[in-house]
2 protein chains.
Amino acid sequence: MNLVLLLPEDLIERDGPCARAVLHDRRLDHLRRVHRAAPGRELRVGLLGGRQGRATVEAIDATAATLRVVLDTPSPPKLPLTLLLALPRPKTLRRMLQTAATMGIQRVVLMNSWRVDKSYWKSPQLEPAAIAEQLRLGLEQGGDTMPPQVDVERLLVPFAKERLDVLAAGTTRLLAHPAAPTPCPRHRAEPITLALGPEGGFIADEVALFEHHGFAPVALGPRLLRVEQALPALVGRLT
Amino acid sequence: MNLVLLLPEDLIERDGPCARAVLHDRRLDHLRRVHRAAPGRELRVGLLGGRQGRATVEAIDATAATLRVVLDTPSPPKLPLTLLLALPRPKTLRRMLQTAATMGIQRVVLMNSWRVDKSYWKSPQLEPAAIAEQLRLGLEQGGDTMPPQVDVERLLVPFAKERLDVLAAGTTRLLAHPAAPTPCPRHRAEPITLALGPEGGFIADEVALFEHHGFAPVALGPRLLRVEQALPALVGRLT
């Protein structure tokens with residue numbers, strides 16, 4: 001937790017950039033157990049969806065921490081990157097959502113693909129509250145306050161036909177595909193829409209579908225990465 | 001398991017690039033359970049430390065799989081990258097070793113650092129057999145047969161004073177440091193030695209120690225990544 005992420009309902013007194021915040025949950029445990037925070041301790045904080053800044057611990061015990069906060073700094077700009085992610089297994093999904101938030105990805109679309117196990121769509125990790133929790137954990141790691149927008153598309157072909165061109169309008173469209181002869185481009189400043197397949201990759205029909213919508217298959221080298229490895233590697237390469 | 005990694009002791013008949021291999025362990029389970037392999041099935045295989053190629057399943061049951069293999073293709077070249085990694089917590093260590101092997105990193109030095117919890121040095125994950133197992137899993141994911149060399153340095157200062165300059169001779173020396181004003185360079189072809197700190201980062205004295213040995217602190221952007229995210233992001237950026 002490199003930044004203590006405050007929710008609007010944590011704030012009890014707001015006066016411009018200043019406020020008091022009272023924490024009770026996981027964040028209180030973390031402050032006590034990991035940070036060993038005592039009164040007077042300075043912390044980096046941020047308001048979900050808002051600014052970030054500093055806080056001083058006023059009081060802390062087993063039931064609550066009271067912080068005096070000043071929120072006067074904008075969070076770093078989001079990466080102009082939309083990730084189209086074939087739904088991974090639930091445990092991997094949690095990590096991928098955290099990584100997307102930590103790395104500053106602007107938007108994530110969780111989508112179906114032939115090799116996505118149907119059972120993954122029944123995971124409680126897809127509930128909005130579960131997604132939001134993983135995004136918050138990722139923001140706390142990265143030091144950010146603005147979560148990516150996350151959408152869910154359970155049917156790939158209607159998504160591609162009806163919404164993909166609008167969603168990817170004005171962006172460079174890339175599809176991560178280990179078999180592609182073209183290397184992933186480097187150091188791009190323009191907005192990008194990046195499709196990342198399931199373990200085992202996209203099937204040929206899916207590659208063709210994305211190519212039909214203007215996506216260029218690109219590869220990161222001769223080795224096959226797990227999606228948890230591929231996403232940071234792609235972001236590191238593209239940015 | 002994108003490549004079935006064979007050990008020399010699995011081979012019962014060798015004749016040039018051709019051999020028969022008999023598998024019993026985790027790999028047999030995986031072939032039956034995940035690949036649902038039956039006689040006649042073609043698989044990608046490789047010999048640990050040697051070449052890779054194709055295999056055909058001759059027989060498979062609950063006790064053994066017999067493969068007819070042809071090992072005629074070299075593995076992709078290793079990345080000319082030595083990773084100096086502050087020892088992470090055991091669960092993260094396993095993933096990092098897998099990632100190093102999957103991404104083709106040539107050499108890994110697990111080293112101490114101020115913020116490394118002392119208990120991590122007692123982990124059974126540091127035993128050579130445990131390290132070798134994680135490397136094999138990483139090679140099977142990446143489709144490689146040549147594991148990185150892994151060394152363990154329990155004392156940072158003697159390591160830096162006595163062995164670091166020899167180890168890093170002729171390489172570009174980089175230290176991943178989120179506070180650094182210099183961005184991590186991109187698309188380097190030359191050999192690199194990259195130091196990656198623990199969660200919480202290197203302390204100032206350690207940064208100074210590495211700078212004294214010619215390491216340039218570099219950052220990946222304004223956000224703080226977990227080491228599991230930072231390593232692929234750095235490799236994606238550097239390669």
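1. Helices here are DSSP runs of H or I, at least four residues, and strands are runs of E, at least two, numbered from the N terminus.

2. This is a predicted model, in which local features need pLDDT of at least 70, side-chain atom pairs count only at pLDDT 80 or more, and totals for chains, interfaces and linings use all residues. Residues are numbered from 1 along each chain, chains are lettered from A in the order in which they are written, and side-chain values use heavy atoms, without hydrogens and water.

3. The end C-alpha atoms of helix 6 (residues 227-238) of chain A are 16 Å apart, which agrees with the 16 Å that its 12 residues should span. The expected span is 1.5 Å times one less than the number of residues.

4. Helix 2 (residues 90-103) of chain A reaches 20 Å between its first and last C-alpha, close to the 20 Å expected for 14 residues. Of these 14 residues, 10 are buried, including Thr92(A), Leu93(A) and Met103(A). Gly104(A) follows the helix with a positive phi, near 85°.

5. Asp144(B) lies in the loop between helix 3 (128-142) and strand 9 (149-153) of chain B. Its relative accessible area is 0%, so Asp144(B) is buried.

6. The side chain of Asp144(B) makes a polar contact with the side chain of Ser75(B) (3.5 Å), and reaches the backbone nitrogen of Met146(B) at 3.3 Å. A polar contact is a pair of N or O atoms within 3.5 Å; within protein, one must be able to donate a hydrogen and the other to accept it, and residues adjacent in sequence count only if both atoms are side-chain atoms.

7. Not counting residues up to four places away in sequence, Asp144(B) touches residues including Arg223(A), Leu3(B), Lys78(B) and Leu139(B) (heavy atoms within 4.5 Å).

Terms used: Buried means under 20% relative accessible area, exposed over 50%, partly exposed in between (1.4 Å probe, protein chains only).
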